Amino acid sequence: MTVRLLVPAVATLLLAACASQPRPLQGSYREATPHALMQSDGSGTPVRWGGRIVQVEPRADETCFEMISTRLTATGRPYWASDDTNGRFIACRTGFYDPAVFEVNREVTFTGRISGYETRRIGEYDYRFPRVAADVVYLWPKRDAVNVITRPEPWPWWGWW
């Protein structure tokens, strides 16, 4: 009897240990992009979106982030393998988020619900931004630059000639 209860408990713990997303980003969300929801009304839709910061606007009671969206990796981190973006969105959260920490081009992932739409100008173009009422603002650590060496440095025959 004890073994029958122990096996499912151990299996559940092992599967939980394999969860690759940070705990605040876990959950089930609609797989719609900001670009797709820009063209239709998705108010109330739960989303997990991420991208790079374009602008941070601290207000009296909340901070709003204008974002360039991209798809997310399995961990929930924005993925930048190409210039293909999923549009733009605005995410707002109660409280103050310092623009010196949340700098332009930092990677952020948000979870929340679509709370409406806001039209802003980008250059001369009127762009309809989906607005997210964010529950979670997850700032990712800066990526370290990696120096890739394409030849073995210590070998003498790999020289100046």
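The model is predicted, so to speak of local features a pLDDT of at least 70 is needed, and side-chain atom pairs count only at pLDDT 80 or more, while totals for chains, interfaces and linings use all residues. Numbering runs from 1 along each chain as its sequence is written, and side-chain values use heavy atoms, leaving out hydrogens and water.

Let's start with the barrel. Five strands close into it in the order β1-β2-β3-β5-β4, with mixed pairing. On average, neighbouring strands of this sheet are turned by 45° against each other, direction ignored. Strands are DSSP runs of E with at least two residues, numbered from the N terminus, and two of them pair if DSSP finds at least two bridges between them. Strands β1 (residues 46-58) and β4 (residues 107-122) pair in the antiparallel sense over seven bridges; Gly50 has Thr109 in β4 as its bridge partner.

Next comes the one disulfide of the structure, a term for a pair of cysteine sulfur atoms within 2.5 Å. Cys64 and Cys92 form it, with their sulfur atoms 2.0 Å apart. The pair links distant parts of the chain, 28 residues apart. The torsion about the S-S bond is about 110°, so the disulfide is right-handed.

Finally, Gln21 sits in the loop between α1 (2-17) and α2 (34-38).

Key
Helices (H or I, at least four residues) and strands (E, at least two) are DSSP runs, numbered from the N terminus. Axes are lines fitted to C-alpha atoms, for helices over the stretch in contact, and angles run from 0 to 180 degrees between N-to-C directions.
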